[in-house]
Amino acid sequence: MTDLLTAGVADAPLDPAGPDPDLARVDRLEALLGDPDDAANPLGLRAVLAADERAELLPEGECALRDFGLGAEFVPVAYGGRFARADRFALLMRSLFRRDCALGIGHGVTSFIAGLPIWADGSDTQRYRAAGLLLDGGRIVAAYTELDHGSDFSRISLAARPAPGGGYLLDGGKQLVNNVSRAEAAVVFARTDERPGSRGHSHLLVDLDALPADRVDRTARYATSGVRGCLLGGVDFDACPVPADALLGTEGGAMETVLKVFQVTRSVLPGMVVGVGDTQLRAVLDFAGQRLLYGQPMNELPEVRSALTGAFLDLLICDALSVVGARSLHLLPAEASVRSAAVKYLVPRFLQDSSYRLGVLLGARGYLREGPHAVFQKAARDLPVVALAHASGAVCLSNIVPQLPRLAERAWQPALRGDASFQEAPRTLFRLHDPLPALDFGRLELTARGADSLAGHLPVLARELAEEARSRPELAELAELAGLFAGELAELARRASALPPRDRTPVAGRRAFLLAQRYALLLAAAACLGIWRAATPSDGFVADPLWAASALHRLAERLGLSRGPLPEPAVRQLFAELAERHETGRTLDLFRGRLARRAAPAHGVQGAV
């Protein structure tokens with residue numbers, strides 16, 4: 001065991017390879033947000049909570065983000081923006097979500113989601129028009145949701161009928177569309193053919209400000225318990241004309257585009273939301289360090305330390321899976337359909353479960369909307385809304401289920417046998433700071449076609465570690481856990497191959513969905529092992545086998561492979577790392593980045609509202 005956990009690397013650069021312009025912008029955004037606990041900071045937690053109570057986005061926050069040029073982060077470099085890497089984009093937005101989830105969605109993610117079909121299918125004219133709007137601080141919204149149909153886009157009823165003089169007439173409505181009341185443009189998912197099948201829907205890039213006022217209504221507003229400041233509204237069209245050049249791509253091609261570009265959002269949004277878990281854990285660390293129980297600080301109690309360390313491990317697991325998912329978009333786009341669904345399912349679930357357990361430690365204070373720990377309840381309300389946004393866990397699992405038998409046949413079984421035909425995941429997939437090729441939307445596929453180099457990496461690593469542990473006893477536990485997960489992959493392959501025909505479809509029964517859940521946990525284990533294995537000593541904490549072994553220990557518990565509690569020495573060393581990061585203003589994820597310095601030692605926000 002190295003000294004890194006107890007000594008920390010507080011003065012080490014975030015990127016050991018040298019300067020990185022993307023990471024420099026993360027630092028700039030963090031500095032812009034400022035000290036969260038400074039009561040005089042207009043972007044601090046006091047101001048965030050007050051805006052939430054008023055059910056509005058923090059006005060000073062929106063102004064600051066416009067000055068920062070956040071809109072450029074949603075635009076690909078090829079069109080004058082700064083979006084080049086999905087993993088770095090998620091990391092940048094994580095800083096914003098750490099401060100205010102509502103601001104991250106209301107002033108950011110909506111325009112990012114809306115832009116994806118434009119970059120994927122739009123003409124150069126449409127792309128440059130959208131880019132110019134976003135670069136100037138404007139907003140584009142993604143108009144998909146209809147309350148009557150939920151996530152079933154195949155049944156949406158908003159119609160785009162041919163207009164007599166050319167173009168289209170929009171009839172119908174969309175609900176729960178963030179920012180629709182104040183956006184300049186919208187990407188509207190509309191039915192253009194009443195016949196059944198997957199070719200009946202199209203994307204239209206609509207100039208909302210150019211629509212006739214008597215044909216459109218954007219005044220509806222929906223109040224929510226979480227992200228209360230977001231302007232979730234609705235839009236209704238009444239034979240509203242839009243020009244023919246509003247069509248994105250080909251008529252009838254929107255469903256295929258949605259299935260591809262949503263792989264991008266499902267891969268990057270969970271990585272942003274890791275910041276919410278970071279904020280919650282800090283709030284409870286503050287409380288546990290001040291609260292006295294049985295004559296000692298609460299965080300000195302073994303059960304409390306174990307719970308806090310468990311939440312820390314959950315954040316590391318979530319970060320590992322989300323960063324590998326984001327990097328897969330660039331390096332292994334053909335595998336992204338199944339991997340992105342697993343990321344979007346598992347990360348929000350872990351964060352919500354962790355939120356509940358941390359709330360138990362806070363007790364009644366976890367529900368208070370004022371006082372030093374009020375940020376916890378806001379984050380607890382925000383998390384479920386964000387987790388549901390864009391795709392629920394059930395929808396994500398339904399995307400995985402039909403692919404399981406083919407993954408077992410073409411990837412897992414060859415990897416388990418050690419066949420030379422199995423294509424291992426490239427090492428750069430797991431290297432947090434390695435460069436990436438440009439994201440090519442044209443290389444995304446509707447299914448993975450049985451390719452899965454990530455899960456198949458488990459037996460490869462298990463064999464390597466079993467051999468290496470013979471001469472390195474400190475790797476014995478990690479090697480044993482890797483072997484355990486490789487065995488679980490073999491069992492999953494057997495059970496997936498035996499699924500009856502009905503359980504190989506999105507309307508499968510509970511058995512198939514449970515297999516999909518176990519598969520997501522195996523992917524998380526493979527991501528943790530891969531990141532640890534690819535790390536070098538200069539990566540500090542990430543190179544230490546303790547976190548990887550502890551993460552796999554926790555994932556084994558989730559799989560029902562009970563191994564008892566994490567050993568006390570591991571808890572003690574991980575808690576020392578967690579406490580040191582909190583005290584010195586470091587993020588609680590794999591990157592261990594610098595936070596804006598606190599005005600005083602961690603005591604929370606006094607009298608937040």
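Predicted model: local features only at pLDDT ≥ 70, side-chain atom pairs only at ≥ 80, totals over all residues.
Some housekeeping before we look around. Local features here need a pLDDT of at least 70 and side-chain atom pairs count only at pLDDT 80 or more, while totals for chains, interfaces and linings use all residues. Numbering starts from 1 along each chain as its sequence is written, and side-chain values use heavy atoms, leaving out hydrogens and water.

Let's begin with confidence. pLDDT is the predictor's confidence in each residue, from 0 to 100. The protein's mean is 91, and 95% of its residues reach 70 or more. Over residues 1-17, though, the value is below 50, and this stretch has 40 contacts beyond near neighbours in sequence; a contact means heavy atoms within 4.5 Å. Residues 599-609 also stay under 50, with 30 contacts beyond four places in sequence.

Now, the cysteines. As for accessibility, buried means under 20% relative accessible area, exposed over 50%, and partly exposed in between, with a 1.4 Å probe and protein chains only. By that scale C63, at 39%, is partly exposed, whereas C528, at 0%, is buried.

Next, a helix pair. Helices are DSSP runs of H or I with at least four residues, strands are runs of E with at least two, and both are numbered from the N terminus. Helix α13, residues 404-417, packs on helix α15, residues 476-497, at about 140°, with the axes 9 Å apart. Axes are lines fitted to C-alpha atoms over the stretch in contact, and angles run from 0 to 180 degrees between N-to-C directions. The two helices are therefore oblique to each other: under 35 degrees is roughly parallel, over 145 roughly antiparallel, 65 to 115 roughly perpendicular, and the rest oblique.

V227 sits in the loop between β6 (216-217) and β7 (232-242) and is buried at 2%. R592, also not a glycine, has a positive phi of about 50°. R592 lies in the segment after α18 (568-584), and at 5% R592 counts as buried.
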